[in-house]
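User: I would like to go through a structure and ask what stands behind each term used for it. Please set the values against the definitions.

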Amino acid sequence: MDSFNLDKMQTCLVNGNAHYKMELCPGNLLELNSLVGKSLWLLYQDIINCTHCQKMTKKSFSGGYCYPCSIKLAECDICILKPELCHFANGTCREPQWGQSHCMTDHYVYLANSSGLKVGITRAGQVPTRWIDQGAVAALPILKVSTRLQSGLFEKLFATEVKDKTDWRKMLKGQNEEINLYDSRDSLFELFGEQIDSLESDLGSGQITVLEDETMVKISYPILEYPQKINSLSLEKDKKVGGVLKGIKGQYLLFDTGVINIRSHTGYKIKIEY
Ligand SMILES: [Zn+2]
């Protein structure tokens, strides 16, 4: 089997079930769901290639980039982590064209049950991928807005009441309590009614749509067994990662030996055995 550079697992949702694929080379996708219950190994080749320019890099920056790319690309800027800091309107976007298509476009603010109730934002085209990547078992869009910045402002407002991060260890243990996201939405709207109205009028008419009739999306993951305790594996430390694949959730492979975050190993060159 040839070596290849890891990228985040590709996902789709079919009848409420998350499906995962790993790209071994362009056009060659390995179906991962059917490997659950079987043996799978990732063998690190001690090489990292930048996911943007492909150059070799000793260390991975911003989740898969070489240092020069990490300081040059808009997708590595701080506003990608903190959308409320989007500075496109100031004319200082690192790559205005990229910003135009990725940030100056419709976004959703949503509630999800990942490791509990959380608020998040996503580009409209990233639904339901974003939810699967976070390991959410349920999600509900609550606002539609016209830019990434607007979504960030609402997220920040709601985050004073609801978490905006996922506790990945808890998410991987899979003991989600049922949360009625409709109730959570209604209480947020009630609590923040005035602030929502005032943000809406600040941002201009037609920029914000309050979503009161969306249907909650439920997501099941291919999992035989949840880990009792979380042993975190890394290619740098462990070199050879794998064992019996017990399940897949978020961007994690759950082995009988521990768990590995595939996304945080973007650009790592590996061979696989299965
Ligand atoms: Zn690069």
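User: How far apart are the centres of domain 1 and domain 2?

Analyst: The two centres, taken over C-alpha atoms, are 28 Å apart. The model is predicted: local features need pLDDT of at least 70 and side-chain atom pairs pLDDT 80 or more, while totals for chains, interfaces and linings use all residues. Residues are numbered from 1 along each chain as its sequence is written, and side-chain values use heavy atoms, with hydrogens and water left out.

User: What makes these stretches domain 1 and domain 2?

Analyst: The bounds come from an automatic or database domain assignment. Domain 1 is 4-60 + 226-273, and domain 2 is 106-218.

User: How many residues of each domain take part in the contact?

Analyst: Domain 1 gives 20 residues and domain 2 gives 17. Contact here means heavy atoms within 4.5 Å.

User: Why is the set around Leu-32, Leu-235, Leu-253 and Ile-260 called a nonpolar core?

Analyst: A nonpolar core is a set of buried Ala, Val, Leu, Ile, Met, Phe, Trp, Tyr and Cys residues joined through side-chain atoms within 4.5 Å. The largest such set has 42 residues, and the four you name have the most contacts inside it. At least three residues of this core come from each of domain 1 and domain 2. A second, separate core has 22 residues, including Ile-121, Val-145, Leu-181 and Phe-192.

User: Which residues does Leu-32 touch?

Analyst: Leaving aside residues up to four places away in sequence, Leu-32 touches Met-9, Tyr-20, Lys-21, Met-22, Leu-245, Ile-248 and Leu-253.

User: Is Asp-46 buried or exposed?

Analyst: Asp-46 is exposed, because its relative accessible area is 51% and the cut-offs are under 20% for buried, over 50% for exposed and partly exposed in between (1.4 Å probe, protein chains only). Asp-46 is placed in strand β5, residues 39-48. The phi of Asp-46 is near 60 degrees, a positive value in a residue other than glycine.

User: Why does Glu-84 count as partly exposed?

Analyst: Its relative accessibility is 22%, so Glu-84 falls in the middle class. Glu-84 sits in the loop between α2 and α3. The residues it touches, apart from those up to four places away in sequence, are Leu-149, Gly-152, Leu-153 and Lys-156.

User: What makes a space a cavity, and how many does the search find at 30 Å³ or more?

Analyst: On a 1 Å grid over the protein atoms alone, a cavity is a set of points where a 1.4 Å probe fits but cannot get out, while a pocket is an open set with protein on both sides within 12 Å along at least five of seven lines; lining residues have an atom within 4 Å of a point. One cavity passes the 30 Å³ limit. The largest cavity holds about 80 Å³, where a volume is the space filled by probe spheres set on points joined across faces, edges and corners. Among the residues lining this cavity are Cys-79, Ile-80, Trp-98 and Arg-148.

User: Which residues lie nearest the centre of the largest pocket?

Analyst: They are Ile-80, Leu-81, Arg-130, Arg-148 and Arg-263, out of 45 lining residues. This pocket has about 1,900 Å³ of space. β7 gives the most to the lining, with five residues. At least three lining residues come from each of domain 1 and domain 2.

User: How do you know the class make-up of that lining?

Analyst: Ala, Val, Leu, Ile, Met, Phe, Trp, Tyr, Cys and Pro count as nonpolar, Asp, Glu, Lys and Arg as charged, and the others, Gly among them, as polar. The lining of the largest pocket then has 13 nonpolar, 16 polar and 16 charged residues.

User: What is the volume of the second largest pocket?

Analyst: It is about 220 Å³. Of its 14 lining residues, Asn-5, Leu-6, Asp-7, Glu-23 and Gln-54 lie nearest the centre. β3 supplies the largest share of this lining, three residues. Gln-54 has a phi near 75 degrees, a positive value in a residue other than glycine, and is placed in the loop between β5 and α1.

Notes:
Helices (H or I, at least four residues) and strands (E, at least two) are DSSP runs, numbered from the N terminus.
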